[in-house]
Every structure is written in structure tokens, then in C-alpha cells.
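Please look over the sequence and the model, then read on.

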Amino acid sequence: MKNRSLLCIFLVLITFSGIQAQTDSLSIQAKKGVETEVVEKDYEPYNALAPAKAAFYSAILPGLGQAYNGSYWKIPIAYGGLATGIYFYLDNDKEYNRFRDAYKNRIAGREDEFNGKGDRVLVSTDRLISAQEFYQKNKEISLLVTVGVYILNIIDANVEAHLRQFNVDEDLTLQPNFDFNSLTGKTNYGLTLNFNF
């Protein structure tokens with residue numbers, strides 16, 4: 001019982017100390033009204049077209065929307081993802097064409113690169129078909145990854161433009177709240193969200 005009352009007193013003191021520590025972050029007035037200093041806000045003013053512009057710029061040229069938002073460090077990530085997807089697409093396409101040409105030559109009765117010397121065959125016809133299917137599937141996955149990175153680039157630019165306009169100043173506080181329930185004699189704990197305008 002003694003510990004519970006000490007805990008309640010401690011939490012009430014913490015709550016009241018948090019209330020006294022807040023100041024208005026938008027303007028600080030000197031005593032006796034001599035001068036007024038205006039502190040600029042940390043967030044950009046609301047611009048309804050900023051997210052649409054950022055998404056449009058990223059759709060035209062990947063990374064341009066990130067540059068519009070000021071996140072220059074994301075541009076190499078976007079180009080790295082696109083370049084990786086394109087590289088694997090081209091590599092799988094080259095291998096697919098290689099096995100496809102060998103299969104066509106074998107069907108036509110000509111020599112191909114997978115025939116050994118004499119009658120010895122290094123890769124069977126069934127293996128040529130399965131290799132074509134394997135590289136075709138990898139080629140399609142690489143294309144999907146490239147398109148996915150391109151779409152993520154557009155979504156990232158749009159979301160970041162929305163979040164850059166989000167108000168995150170000190171006029172918004174979250175504090176613990178204690179309420180004594182006189183009916184049951186117990187303390188109810190909770191959180192309060194305070195807005196200062």
C-alpha cells in the first residue's frame with residue numbers, strides 16, 4: 001500500500017513537470033514587449049501538388065522525384081536496383097538464346113556447341129529444353145524485379161513528399177494520465193494526447 005501511494009505521487013510529479021516544460025515554439029517574446037522573434041517551422045508548408053509532382057518526376061526519370069524531395073542518397077539505391085534487374089535480364093536472355101540456338105541446330109541435324117567430338121553428346125536434347133525453360137523463367141523474374149523497383153521508386157517519392165509536409169513540432173505531446181476511481185478505490189492508468197494551438 002505504501003509503495004503504491006509513493007508510485008502515484010512520483011507519477012503525478014512527473015506529469016506536472018512535463019506540463020511546465022512546454023513553451024511555444026513558433027514565437028518567443030521578450031519581456032515587456034520590446035521585440036518579437038519568430039522561429040521558423042521545421043516542416044514545409046502544405047503543398048497539395050508536391051506528392052503528385054514527386055511521383056511524376058520519378059515516373060519520367062527514376063531518382064528525379066527523390067532529388068525533388070531532397071533525398072539525394074536514395075538515387076543510387078534506385079539506379080542500383082534498376083541496373084541489377086536489367087543486368088540479370090540481359091544475362092538470362094543471352095543464355096536462353098545460346099541454348100535455344102543449340103536446340104535449333106540439333107533439331108536441324110547441324111553441329112552445336114554442346115556436341116562433343118565424334119558421336120559423344122555433352123548435353124542431351126531434354127537438357128537443352130529444360131535449360132531454355134529455366135532461363136526463360138529467370139528472364140521473366142528479372143523483368144518483374146526491374147518493374148517492381150521502378151514502381152517502388154515512384155511510390156517512395158510520393159510517400160516522402162507527403163511525409164515532408166507532416167507537422168512534427170513540439171506543440172504535440174503525449175503524457176501519462178492517472179485517474180482515481182472512487183467507486184472501486186483503484187487508480188486507472190492511461191495516456192493523454194494534448195494539442196496546443
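The sections below go from the whole chain to its core, its aromatic rings and a few single residues.

## The chain as a whole

The model is predicted. The chain has 197 residues, of which 22% are buried. It contains 5 helices and 4 strands, and along the sequence these follow the pattern α-β-β-α-α-α-α-β-β.

Among the contacts in the chain with a separation of 6 or more, 53% are between residues 24 or more positions apart. The chain exposes about 14,800 Å², and carbon and sulfur atoms supply 62% of that area.

## Helix H4

Helix H4 covers residues 75-108. It has 34 residues and reaches 49 Å from its first C-alpha to its last, close to the 50 Å expected at 1.5 Å a residue. Just after H4, glycine 109 takes a positive phi of about 90°.

The buried residues in H4 are Ala78, Leu82, Gly85, Asn92, Glu95, Tyr96, Phe99, Ala102 and Arg106. What covers them includes H5. An α-helix has 3.6 residues a turn, so residues three or four places apart point the same way.

## The largest nonpolar core

Which residues make up the largest nonpolar core? There are 8 of them: Tyr96, Phe99, Ala102, Phe114, Val123, Leu128, Ala131 and Tyr135. The elements that give two or more residues to this core are helix H4 and helix H5, the latter covering residues 125-164.

Leucine 128 is one of the core residues. Not counting residues up to four places away in sequence, leucine 128 touches Phe99, Ala102, Tyr103, Arg106, Phe114 and Val123.

Phenylalanine 99 is found in helix H4. Its relative accessibility is 11%, so phenylalanine 99 counts as buried, the cut-off being under 20%. Leaving aside neighbours within four places in sequence, phenylalanine 99 is in contact with Phe114, Leu128, Ala131, Gln132 and Tyr135. Phenylalanine 99 and glutamine 132 are 33 residues apart in sequence, yet 6.0 Å apart in space, C-alpha to C-alpha.

Tyrosine 96 is also placed in helix H4. At 17% relative accessibility, tyrosine 96 counts as buried. Its contacts, leaving aside neighbours within four places in sequence, are Gln132, Tyr135, Gln136 and Lys139. The C-alpha atoms of tyrosine 96 and glutamine 136 are separated by 6.3 Å, while the two residues are 40 residues apart along the chain.

## Aromatic rings

How many aromatic pairs does a search of the whole structure find? The search finds 6. Phenylalanine 56 has 51% relative accessibility and counts as exposed, whereas tyrosine 57 is partly exposed at 29%.

Phenylalanine 134 and tyrosine 135 form an edge-to-face pair, 5.1 Å centre to centre and with 75° between the planes. Phenylalanine 134 is partly exposed at 42% relative accessibility, and tyrosine 135 is buried at 19%. Phe99, Phe114, Phe134 and Tyr135 form one aromatic cluster. The ring of phenylalanine 99 also has a charge over it: the charged end of arginine 98 sits there, 5.4 Å from the ring centre.

Is glutamine 66 buried or exposed? Glutamine 66 has a relative accessible area of 2%, so it is buried, as this is under 20%. Glutamine 66 lies in helix H3, which covers residues 64-69. Not counting residues up to four places away in sequence, glutamine 66 touches Ser58, Ser71, Tyr72, Lys74, Ile75, Asn153, Asp156 and Ala157.

Alanine 52 lies in helix H2, residues 50-60. With a relative accessible area of 44%, alanine 52 is partly exposed. Alanine 52 and isoleucine 154 are 102 residues apart in sequence and 9.9 Å apart in space, C-alpha to C-alpha.

Conventions. Residues numbered from 1 in each chain as written. Predicted model: local features only at pLDDT ≥ 70, side-chain atom pairs only at ≥ 80, totals over all residues. Heavy atoms only, no water. Core = buried A, V, L, I, M, F, W, Y, C linked by side-chain atoms within 4.5 Å. Buried < 20%, exposed > 50% of the residue type's maximum accessible area, 1.4 Å probe, protein only. Contact = heavy atoms within 4.5 Å. Expected span 1.5 Å × (residues − 1). Phe/Tyr/Trp six-rings, centres within 6.5 Å; stacked < 30°, edge-to-face > 60°. Lys NZ or Arg CZ within 6 Å of the ring centre and 35° of its normal. Areas by Shrake-Rupley, 256 points an atom, 1.4 Å probe, with all protein chains shown as cover.
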